[in-house]
Amino acid sequence: MIARARLVSVLAIVLGGAIAIISSTQTWLEVTLRAGANEPLPVPGASAMPVLAPLSRAALALGLALTVVGRLLRYVFGVLGVGIGGALLIGAARIALEHPTDAVATVVTASTGLSGPDAVADLVGALTGTFWPFAAAVAGLLIVVGGVFVLATAHRWRSGGRRYQREAVTAQANAGSRPHDAIDAWDELSHGDDPTAR
């Protein structure tokens, strides 16, 4: 159960981050201008929600880091996961449900040269959405669930570093039971000790 809790937490966060990063490159909205262009302008997720790609990459890094960190950092990363996922969920759900004109402002400005909220709102004739903002909202929800699961189960995870610490202690104990040789001298030099100073 302990290994499964860690696996579920990490997979939820990494999968959420992967879906969100993929959605950042896809078209979220299509905007038709009142005058001029006949073709609708595609608005990718990264333009509609500028924090999408950085938050997605942060979630991926956080999920991978969870596999190696100690207990205290697990709780810190769990809180960060909930925050990142919450921001993705709220931002993507807003765009998916409301189709706000501020989400298309950068694309409209690049196409027309006009900027400012009022000017962009006057230019926009119609906005249609795709399923990608909903996918990003689901990704945010996955990251939140993963973060909450980390907070609920992190105290029961085994620490990956302890096994290696035990092996190092055992190796040091064994080293004390044999004669000092050239390899030990090199190891002492690597640690900053001069074996000839004795």
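Trainee: What makes the largest nonpolar core a core, and how many residues does it have?

Mentor: A nonpolar core is a set of buried Ala, Val, Leu, Ile, Met, Phe, Trp, Tyr and Cys residues joined through side-chain atoms within 4.5 Å. The largest one has 40 residues, and the model in which it is found is a predicted one. Those with the most contacts inside this core are Trp28, Val31, Leu66, Leu88, Val104 and Val108. Its largest share, 7 residues, is supplied by helix α7 (residues 132-153). In soluble globular proteins, nonpolar side chains tend to be buried together.

Trainee: Which basis do the numbering and the values have?

Mentor: Residues are numbered from 1 along each chain as its sequence is written, and side-chain values use heavy atoms, with hydrogens and water left out. As this is a predicted model, local features need pLDDT of at least 70 and side-chain atom pairs count only at pLDDT 80 or more, whereas totals for chains, interfaces and linings use all residues.

Trainee: With what is Val104 in contact, once its neighbours within four places in sequence are left aside?

Mentor: Contact means heavy atoms within 4.5 Å. By that criterion, Val104 touches Leu29, Val31, Val43, Val124 and Leu127.

Trainee: Why is Ser24 called buried?

Mentor: Buried means under 20% relative accessible area, exposed over 50%, and partly exposed in between (1.4 Å probe, protein chains only). Ser24 has a relative accessibility of 6%, which is under 20%, and therefore counts as buried. Ser24 lies in the loop between α1 (2-23) and β1. Apart from neighbours within four places in sequence, Ser24 is in contact with Pro44, Gly45, Ala46, Leu52 and Ala53.

Trainee: How do you know whether Ser56 is buried or exposed, and where is its place?

Mentor: The relative accessible area of Ser56 is 0%, under the limit of 20%, so Ser56 is buried. Its place is in helix α3 (residues 52-65); helices (H or I, at least four residues) and strands (E, at least two) are DSSP runs, numbered from the N terminus. Beyond four places in sequence, Ser56 contacts Gly17, Ala20 and Ile21.

Trainee: What makes strands β1 and β2 a pair, and in which sense do they run?

Mentor: Two strands pair if DSSP finds at least two bridges between them. Strand β1 (residues 27-33) and β2 have 4 bridges, so they meet this condition, and the pairing is antiparallel. Thr27 stands opposite Pro44 in β2. Strand β2 (residues 41-44) has Leu41 and Val43 on its covered face, and Pro42 and Pro44 on the uncovered one.

Trainee: Why is the contact between Arg94 and Asp102 called a salt bridge?

Mentor: A salt bridge is a side-chain nitrogen of Lys or Arg within 4 Å of a carboxyl oxygen of Asp or Glu. For Arg94 and Asp102 the N to O distance is 3.0 Å, so the pair qualifies. Side chains of opposite charge can pair when their charged atoms come close.

Trainee: What is the distance between Glu98 and Arg94, and how do you know that they form a salt bridge?

Mentor: The closest N and O atoms of Glu98 and Arg94 are 3.8 Å apart, which is within 4 Å, so this is a salt bridge too. Being 4 residues apart in helix α4, Glu98 and Arg94 are separated by about one helical turn. The structure holds 2 salt bridges, and Arg94, Glu98 and Asp102 are linked in a network.

Trainee: Are Glu98 and Arg94 exposed or partly exposed?

Mentor: Glu98, at 55%, is over 50% and therefore exposed. Arg94, at 35%, is partly exposed, and so is Asp102, at 48%.

Trainee: What makes Leu72, Leu73, Val76 and Leu80 a patch?

Mentor: Patches are made of residues with over 30% relative accessible area and no salt bridge, like charges being joined within 9 Å and nonpolar side chains (Val, Leu, Ile, Met, Phe, Trp, Tyr) within 5 Å. Leu72, for one, has 67%, which is over 30%. Leu72 lies in helix α4 (residues 71-98). Together the four residues form a nonpolar surface patch of about 370 Å² of accessible area, from the Shrake-Rupley method with a 1.4 Å probe, where for residues only the protein chains shown count as cover.
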